[in-house]
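Please consult the sequence and coordinates alongside the text.

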Amino acid sequence: MPKTRREFLASTTSALAAASAAAALGPLRLAAALRAEPYALVLGVTQDGGMPQVGCYAERCQRARARAEPRFAASLALIDADRDRYYLVDATPDITRQLDLIDEPGFRDRAGQRRPFDGIFLTHAHIGHYAGLAVLGREGLGILATPTYCTTQMADYLSTNGPWSLMVSEGRLDLRPVTPGQWITVDSGLQAQALLVPHRPEFSDTVGWLFRGPTQTILYLPDIDSWERWDLKIEDVVSTVDTALIDASFYSGEEVPGRNIEDIPHPLVPHSMDLLQARVDAGDRVVFTHLNNTNPAIFEDSVEAAEIRRRGFEIATEGQRFPL
Ligand SMILES: [Zn+2]
Ligand SMILES: [Zn+2]
């Protein structure tokens, strides 16, 4: 369902346009023209630790506890309901509740048959991005063979460390290591490409993902240490996609007391906006995600969130959809 008046108007306009285009095509092609378009669904927007964070009783986390709609760790689903295709991008500790956001009747049937996803894409081995796989194993959903796309390092890590290794040996995670920088055809309506990024490599390397659907391309890059340490320019990558969802862990270096700005291994939001302002002014869509619980922009009524909107950027919300 569209959430705002603007989204409602946009969806109504596009439905009317589709209907009139379908009428021009004739009845035989009516059904095809009116089919639901694929989309990426935001399943979560916080940094790995979630919101509220465990043991945090500061006002911000108490406020999050009182919120009607909970916040979840950063994740996406890629959905083409007409073709019965469902993909998960990162598996977070909040996965149980996050799957409830997938409001498609076909999806629940599939979960009942232990085949909820046609594939899982993983960015890296930090808890917010893969720990949710645990409840897809035998103690939980018990998924059947599911193609799992990740780097070779990540695949090696999953294969050689419990409990993930059991999911691999039982055939639940069907590992499909990819070569970063190369497109893969996932199915007839989806291509994907991993982009290696600099990020603390304790257990695995880290990638962002490009997803190309029938109509749009999305960048999903929830974690990076620094734009400057990347061998690609974020401005150039953003210019090649329709929507970019990027790391917004911290807004300011003051957020984490006792830590110097140089010790915070993420680009600060104002710096990312400075780098990408020209792209946004040119019409590219840049959406912030993976917000730490200290980042005030996680609250829609903060001055920081207002500043992000004023500059033409967006902040992702659970349940938000992007055309794919
Ligand atoms: Zn993370
Ligand atoms: Zn990380």
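The following paragraphs treat the sheets and then the core of this predicted model.

One open sheet contains seven strands in the order 6-5-4-3-2-1-14, and its pairing is mixed. Strand 6 (173–177) and strand 14 (321–323) each have a single partner strand, so one side of each lacks a neighbour in the sheet. From one strand to the next, the twist averages 25°. Helix 7 (residues 152–160) lies across strand 5 (146–150) and strand 6, and runs at about 150° to strand 6.

A further open sheet, likewise of mixed pairing, places seven strands in the order 7-8-9-10-11-12-13. Its edges are formed by strand 7 (183–187) and strand 13 (314–315), each of which pairs on one side only.

| Strand pair | Bridges | Direction |
|---|---|---|
| Strand 1 and strand 2 (residues 75–80) | five bridges | antiparallel |
| Strand 9 (residues 206–212) and strand 10 (residues 217–221) | four bridges | antiparallel |

Within the former pair, Ala40 stands opposite Leu78 of strand 2. In the latter, Leu210 has Leu219 of strand 10 as its bridge partner.

**Nonpolar core**

The largest nonpolar core comprises 81 residues, of which Ala77, Leu78, Phe211, Phe288 and Ala297 touch the most other members. Strand 1 (residues 39–44) gives the most to this core, contributing five residues.

Which residues are in contact with Ala297, apart from its neighbours within four places in sequence? They are Ala248, Tyr251, Val269, Phe288, Leu291, Ser302, Glu304, Ala305, Ile308 and Ile315. Phe288, in contact with Ala297, is itself among the core residues that touch the most other members.

Terms used
Residues numbered from 1 in each chain as written. Chains lettered and ligands numbered in written order. Predicted model: local features only at pLDDT ≥ 70, side-chain atom pairs only at ≥ 80, totals over all residues. Core = buried A, V, L, I, M, F, W, Y, C linked by C-beta atoms within 7 Å. Buried ≥ 20, exposed ≤ 12 C-beta atoms within 10 Å, placed from the backbone. Helix = DSSP H or I, 4+ residues; strand = E, 2+ residues; numbered from the N terminus. Contact = placed C-beta atoms within 7 Å. Pairing = 2+ DSSP bridges. Axes fitted to C-alpha atoms, helices over the stretch in contact; angles between N-to-C directions.
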